[in-house]
Amino acid sequence: MAKIQIYDTTLRDGTQAEDVHLSTEDKVRIARKLDTLGIDYIEGGWPGSNPTDQRFFQEIKNYALNYSRVVAFGSTHSTKKNPENDPNLDALVKAGTKAITIFGKTWDVHVKDALRTTQERNLELIYNSVAFLRPGVQELFFDAEHFFDGFKANKDFALACLGRAMEGGADVLVLCDTNGGTTPMELCRIIQEVQSSLPDARLGIHAHNDSETAVANSLLAVDLGVVQVQGTVNGYGERCGNANLCSIIPSLELKMGHTCLPENNLSLLTGTSHFVAEVANIGAFHRQPFVGKSAFAHKGGVHVSAVRKNARTYEHIVPELVGNKQRILLSDLAGQSNILFKAKQYGFQLDKDDPFVLDLLSKLKDLESQGYEYAAAEASFELLLNRTLGRARKYFTLDSYRVLETKSDKNEQPFSEATVMVRVGGMQEHTAATGKGPVNALDNALRKALEKFYPSLSEMHLVDFKVRVFAINNSGAYSGTASRVRVLIESADQYSHWVNVGVSYNIIEASRQALEDSLNYKLFKDDQAKLTRAIKEAEKA
């Protein structure tokens, strides 16, 4: 099957999403990551529109890219200027890229209302701009903006726009569904008509996701012979986003037999998706196909039982092909298969008839009925598993704690103080600490009491703190301020991240449970690391 050009526009179209903001440095980091993945074209931005993009095109020259070609993006020249004196075209030339993409209007409504010019003048703008840029670049692409809407409104004019771009020397004519409203049925018919009218044209597709069809439209376009697919990582983009390359690339390679990335690079896809989300400071979408955390997660006991025997029963591809992995979740829907799978992950070979399995399953279902969420807090489950088996030490006992909140007219914020009474190996510590809020005060007091016994606790830090309110109780009534809450605390040290859970009607108590579990897990993890090192040293000896 054919090699399909993958054209990434995360750094330009992706930044038009309302929650995506990238600095020049961010863009450079993402561009280098996309090059490592093996993307063919990276659209760096519109050098004629803002200083950030101008700086990017200068900065990226300092890096040698192995696979990718950086592309500068801009529009046809102004209706009131010629190509030779148009600042937008001048900025494209000065960007110094080997490839340029230029967009032009192909919908008569835009020509009339946005450009406020005639159809004849618009055809001149397209031809003149493409012809002007052609001698100075190795590759030149024409984005036919709003092409599908334009075709439906005035077919002859939309096709004439493509024809003029082709005459000017465009290498690929990219058909854009800019408003994202074209159905797959319409798209197929229109592409076939374009191919009949311009049989020598090499076509591309640029789909938006306003009708939730951007990926489907892109795949159908390739099936019809399109050679270039434009999109963004994670589908970032204006309004509802752009076509998601994280779904398109594996679909093309694994399901349609095309080549998109260098050999063996598809397994880098999940890591790239997460990296871009991290740089963009956007939480990863867990249910995203192929690369999402939940893409190959199994919760129901029947499903888990099946995938343990043959993963194909509930997985459409092997997760590792895209750099993802299978996950077995724990919840009130869990069966014995879930317990057996998770136990095996932690090094326990258990039998389904083992009384321990039934006991743990019963505990799990009871706790989750109270609001505990072990699918999201696997560190707490690992502790529960090891405690039930007698494998986890009791590192400390919190005999009592008290948190005081004091508000006076002199203080803008309440004054928080926590007192704890902790026992470690027969010794008792009675300690107090202040903090920025009750949870921070409690955390400070616990650490102050414990770090003299366990210095490694100073290595861990809070990463995230989430509170979920269960406003409706088990009888279906609203509980108001008496609602049960679930607290998830994510912690980290220099080696790993982990999440612990606490549940109570009292938010401080729920936080205390999660905090205490997070400290215990750190100590448990350190013990496991020491044991592993000791075993390795013994084997060497």
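1. Basis of the note. The model is predicted, so local features need pLDDT of at least 70 and side-chain atom pairs count only at pLDDT 80 or more, while totals for chains, interfaces and linings use all residues. Residues are numbered from 1 along each chain as its sequence is written, and side-chain values use heavy atoms, with hydrogens and water left out.

2. Strand β7. Strand β7 covers residues 203-207; helices (H or I, at least four residues) and strands (E, at least two) are DSSP runs, numbered from the N terminus. Five of the five residues of β7 are buried, where buried means under 20% relative accessible area, exposed over 50%, and partly exposed in between (1.4 Å probe, protein chains only). Leu-203, Ile-205 and Ala-207 point one way from the strand, whereas Gly-204 and His-206 point the other way.

3. Neighbours of β7. Strand β6 (residues 172-177) pairs with β7 in the parallel sense over five bridges; two strands pair if DSSP finds at least two bridges between them. Within this pairing, Leu-203 is the bridge partner of Leu-173. Strand β8 (residues 228-231) also runs parallel to β7, joined to it by three bridges, and His-206 stands opposite Gln-230 in β8.

4. Crossovers. From β7 the chain passes through helix α9 (residues 214-223) to β8 in a right-handed β-α-β crossover. Right-handed means that, with the strands pointing away from the viewer, the path from the first strand over the helix to the second runs clockwise. A right-handed β-α-β unit is also made by β6, helix α8 (residues 184-197) and β7.

5. Nonpolar patch. Leu-462, Phe-465, Val-467, Val-469 and Ile-507 make a nonpolar surface patch of about 400 Å². Patch residues have over 30% relative accessible area and no salt bridge, with like charges joined within 9 Å and nonpolar side chains (Val, Leu, Ile, Met, Phe, Trp, Tyr) within 5 Å. A salt bridge is a side-chain nitrogen of Lys or Arg within 4 Å of a carboxyl oxygen of Asp or Glu. Strand β14 (residues 461-470) gives the most to the patch, with four residues. Ile-507 lies in helix α17 (residues 507-540) and is partly exposed, at 39% relative accessible area.

6. Cysteines. The whole structure has zero disulfides, a disulfide being a pair of cysteine sulfur atoms within 2.5 Å. Cys-188 cannot form one because its sulfur is 17 Å from the closest cysteine sulfur, in Cys-176. Cys-188 is buried at 19% relative accessibility, whereas Cys-240 is partly exposed at 48%.

Terms used: Areas by Shrake-Rupley, 256 points an atom, 1.4 Å probe, with all protein chains shown as cover.
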